[in-house]
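These are my notebook entries on one chain, written while I went through its sequence and model. I kept them in the order in which I looked things up.

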Amino acid sequence: MNEIQLQPTTEISQFSSDDVLKQIALIQDIMKNAMKDNEHYGVIPGTAKPTLLKAGAEKLGLTFRLEPEYQIYEQFLEKNHYYCRVQCTLKHILTGQRWGDGVGSCSTMETKYKYRSQNRICPKCNQETIIQGKAEYGGGFLCWAKRGGCGAKFPDGDVEIVNQKIGRVENEDLADQYNTILKMAKKRAHVDAMLTATAASDIFTQDIEEMNTKVQKNSKSSKTKEQTTQQNPHDQEIKLTFEEKKTQAYQTLKAKNVPEKLFNTWNNNIKNATEKNITNMLKSITQLVQG
Ligand SMILES: [Zn+2]
């Protein structure tokens, strides 16, 4: 890791244009030499600026010696929903000067927290471990042991399987997410404050902040392992159908709250996907998500 040059910031009551340019150059230098793509910032094709992530904001805080202070406002809403708004004030550690403020909010009403993805449940062991069997292995459905299932097999069209409601359902365990919501609001406020205080919004944006967080999982233990399927594309037993892959790609994308334009582009890509390229597309979208 490169040594970070500290900008002398004491006793400056007003920045000259030269100071501002120097500061931007410093931030660019830090970005180039002390930050990593996908760790401190993220770049998404089709967006103008890289997005500053939590670790990047912390790095800028270290560089400029800025310490965050948080004020938290929380509200509990109907049906166990939770909202919080956080104000972040950045203070210069050496001088106590207030450099800037930022706000961020988050709530369980946001799509990615409000809903979860429901997969097919095994009628025998009640786990979300049902997959479609490969045609050459007799088709039908299988409760996949590698996902923690019981190994039971079901014929094609079994009503106990095919009549299940799958896809987006409301999340029943909202309370499990309160801490995540609070952290997210703090992070948003911190990044916002950092962009304002250091004038780094010339270089970074905050638009697509959650690109490095994972898709919302069913909070009931680790039954839902959507990623497993993608990590074992050559597994002998399983094969997602083309339609299932498209659905998965769509759900992964949907969970991200990316800007509308980018969402539409990817959504069109998914709609026009062929059997040949859907696997790679799914991988790209997953990488967008995981950062
Ligand atoms: Zn089972």
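**Ground rules.** I am working with a predicted model, in which local features need pLDDT of at least 70 and side-chain atom pairs count only at pLDDT 80 or more, while totals for chains, interfaces and linings use all residues. I number residues from 1 along each chain as its sequence is written.

**Overview.** I count nine helices and 10 strands in the chain; helices (H or I, at least four residues) and strands (E, at least two) are DSSP runs, numbered from the N terminus. Of the 291 residues in the chain, 30% are buried, where buried means that 20 or more other C-beta atoms lie within 10 Å of the residue's own, exposed means 12 or fewer, and partly exposed is in between, with C-beta atoms placed from the backbone. Of the contacts with a separation of 6 or more, 66% join residues 24 or more positions apart; a contact requires C-beta atoms, placed from the backbone, within 7 Å.

**The sheet with β4 and β5.** Between β4 and β5 I note nine bridges in the antiparallel sense, and Q87 stands opposite V103 in β5. The hairpin of these two strands has five residues between them, and G96 there takes a positive phi near 75 degrees.

**The largest core.** I then asked which residues have the most contacts inside the largest nonpolar core, and found L52, L90, I181, A185, M194 and A200 within a set of 30 residues. Such a core is a set of buried Ala, Val, Leu, Ile, Met, Phe, Trp, Tyr and Cys residues joined through C-beta atoms within 7 Å. At least two residues each come from α1 (17-34), α2 (54-64), β4 (82-92), β5 (98-107) and α5 (178-197), and α5 gives the most, with nine residues. Leaving aside residues up to four places away in sequence, A200 touches I27, L52, L60, M194 and L195. Another core, of nine residues, lies apart from it and includes C122, I131, F154 and I161.

**Helix α2.** I find K54, G56, A57, K59, L60, G61 and F64 buried in α2, and the buried residues of this helix pack against α1, β1 (41-42), β2 (51-52), β3 (66-76) and α5. R65 follows α2 and has a positive phi, near 55 degrees.

**Other positive phi values.** Most residues other than glycine have a negative phi, so I noted two further exceptions. N80, in the loop between β3 and β4, has a phi near 65 degrees, and A199, in the loop between α5 and α6 (226-231), has one of about 60 degrees.

Strand β8 (residues 141-143) pairs with β9 over two bridges, and F141 stands opposite F154 in β9.

**Helices α7 and α8.** My last entry concerns α7 (residues 242-254) and α8 (residues 260-271), which pack at an angle of about 175 degrees with their axes 10 Å apart. They are therefore roughly antiparallel to each other, since angles over 145 degrees count as such, under 35 as roughly parallel, 65 to 115 as roughly perpendicular and the rest as oblique. K246, A249, Y250 and L253 in α7 meet F263, W266, N267 and I270 in α8.

Methods
Two residues are in contact if their C-beta atoms, placed from the backbone, lie within 7 Å. Two strands pair if DSSP finds at least two bridges between them. Axes are lines fitted to C-alpha atoms, for helices over the stretch in contact, and angles run from 0 to 180 degrees between N-to-C directions.
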